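Welcome! Please keep the view open as you read.

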Amino acid sequence: MSGGRTDPGPGESPTGAGGPVASGAAAARRRARLGLETLGVLAVCLGRSAVYAVLSILDKLTLGPALGEQTTTINGSTTPDRPWLDLCYKLADYLFLAAPVVIVLYLLTAVRRPGHDPWRAIGLDRTRPGRDVGVGVALAAAIGIPGLAFYLFARRLGINTDVAAGNLAEHVWTIPVYVLAAFANGLLEETVMVAYLLTRWRQCGWRPGAAVAVSALLRGSYHLYQGFGGLLGNAVMGAACCLYWTRTRRLWPLIVAHTLLDVFSFVGYALLHGVVGWL
C-alpha cells in the first residue's frame with residue numbers, strides 16, 4: 001500500500017494545494033479584486049458624475065420653480081471675455097474627461113495571450129472601419145430620432161428641464177470644440193459603461209441581464225441632472241448599446257453613434273437656438 005495521506009494536513013485544502021477548493025478560493029479573491037477595481041474606476045469618472053447628478057436633481061426639485069420651467073446649461077463659456085483662455089479651459093476639460101479611458105483600456109488589454117487580440121475582443125481594432133462608421137451612422141439615426149421625440153414629450157410632461165446644449169461664445173474654434181466634446185463623451189461612456197463594465201462584471205460572475213440592467217441604470221443616473229426624462233431616455237439608450245455590444249463585440253459603432261448624437265445636439269442647438277421655437 002502506498003504511503004499517501006487520505007486526510008488533509010494543516011493548511012491544506014481538502015483535495016490538495018491545487019485542488020478545487022483552492023481554485024475556488026483564488027477565483028473568489030479575483031472576483032473581489034475585479035469588483036473593487038470597477039468601483040475605483042467608477043469613482044473617478046461616471047460613477048462620480050452619477051452622484052453629482054443626483055445632488056443636482058435634488059437641488060432643482062427644491063429650488064422653487066417647477067422642473068419643467070428650469071434650464072440646464074451644457075457647454076457654457078468659462079471666460080467669454082477672453083476667448084484664448086476659454087479655449088484652454090475647454091481643451092483641459094475634455095482632455096481630463098477622456099483620461100479614464102487610458103486607464104480602462106490598459107486594464108482591459110494588459111494581458112496578452114498567444115492568438116488573442118485584446119483590442120479585437122472589445123471591438124476597438126481597425127479591421128473594418130467603413131462598416132463600423134456605417135453602422136454607427138445607422139445607430140445614431142435609430143437612437144436619435146426617438147430620443148428627440150422622447151425629450152420633447154418629457155418636456156411637455158414637465159419631468160425634464162429645458163436642456164441648453166450649446167452655449168459657447170461664437171469663435172472660429174467653437175464648432176471644432178463641440179465636436180471634440182462629443183467625441184470625448186462618446187469615447188468615455190461607451191468604453192467604460194459598455195466594454196469595460198460588461199467585461200469585468202462577466203468575469204465577476206454576473207448574469208448578462210443583470211450587467212446590462214445595472215450599466216443602463218448607471219448611464220441614466222448620471223444624466224439625471226437634466227431631469228427624469230434624461231434618466232429614462234439615457235437608460236434605454238444604455239441598454240440598447242449594451243445589447244448591441246454583447247451580440248457583436250464591436251465598440252467603434254457605438255462610439256461613432258454617440259459622437260454623432262452629441263454633435264447634432266451641441267452644434268444643432270448652437271445654430272438653431274432662437275430660430276426653432278422648441279429649442
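A nonpolar core is a set of buried Ala, Val, Leu, Ile, Met, Phe, Trp, Tyr and Cys residues joined through side-chain atoms within 4.5 Å. The largest one here has 36 residues, and those with the most contacts inside it are Val-192, Val-194, Trp-245, Leu-251 and Leu-254. At least two residues of this core come from each of helix H1 (20–44), helix H2 (46–61), helix H3 (83–109), helix H5 (129–157), helix H6 (174–203), helix H7 (208–221), helix H8 (228–248) and helix H9 (252–272). H6 gives the largest share of this core, ten residues. Apart from it lies another core of 18 residues, including Ile-74, Leu-168, Tyr-178 and Val-263.

Where pLDDT is low, the predicted coordinates should not be read in detail.

**The overall layout**

The protein has nine helices and two strands. Starting at the N terminus, its elements follow the order α-α-β-α-α-α-β-α-α-α-α. Of its 279 residues, 41% count as buried. Among contacts between residues at least 6 apart in sequence, 74% join residues at least 24 apart. The protein exposes about 15,200 Å², with carbon and sulfur atoms supplying 66% of that area.

**Helix H8 and its tryptophan**

Buried along H8 are Gly-229, Gly-230, Asn-234, Ala-235, Met-237, Gly-238, Cys-241, Cys-242, Tyr-244 and Trp-245. Against which helices do the buried residues of H8 pack? They pack against helix H4 (118–122), H5, H6, H7 and H9.

Trp-245 lies in helix H8, and as noted above, Trp-245 is one of the residues with the most contacts inside the largest core. Leaving aside its neighbours within four places in sequence, Trp-245 is in contact with Ala-121, Ile-122, Val-194, Ala-195, Leu-198, Thr-199, Arg-250, Leu-251 and Leu-254.

H8 is followed by Arg-249, whose phi is positive, and Arg-249 is found in the loop between H8 and H9. Most residues other than glycine have a negative phi. Phi of Arg-249 is near 55°, a positive value in a residue other than glycine. Asn-75 also has a positive phi, of about 60°, although it is not a glycine. Asn-75 is found in the loop between strand S1 (71–73) and H3.

The next helix, H9, has 21 residues that should span 30 Å at 1.5 Å a residue, and its end C-alpha atoms are 29 Å apart, which agrees. Just after H9, Gly-274 takes a positive phi of about 90°.

**A threonine in H1**

Thr-38 lies in helix H1. What does the side chain of Thr-38 reach? It reaches the backbone oxygen of Gly-35, at 2.6 Å. Not counting residues up to four places away in sequence, Thr-38 touches Tyr-196, Leu-197, Arg-200 and Trp-201.

**Buried or partly exposed?**

A residue counts as buried under 20% relative accessible area and as exposed over 50%, with partly exposed in between.

| Residue | Relative accessible area | Class |
|---|---|---|
| Trp-245 | 2% | buried |
| Thr-38 | 4% | buried |
| Asn-75 | 12% | buried |
| Arg-249 | 30% | partly exposed |

Arg-249, at 30%, counts as partly exposed.

Notes: Residues numbered from 1 in each chain as written. Predicted model: local features only at pLDDT ≥ 70, side-chain atom pairs only at ≥ 80, totals over all residues. Heavy atoms only, no water. Buried < 20%, exposed > 50% of the residue type's maximum accessible area, 1.4 Å probe, protein only. Helix = DSSP H or I, 4+ residues; strand = E, 2+ residues; numbered from the N terminus. Contact = heavy atoms within 4.5 Å. Areas by Shrake-Rupley, 256 points an atom, 1.4 Å probe, with all protein chains shown as cover. Polar contact = N/O pair within 3.5 Å; in protein donor to acceptor, adjacent residues only side chain to side chain. Expected span 1.5 Å × (residues − 1).
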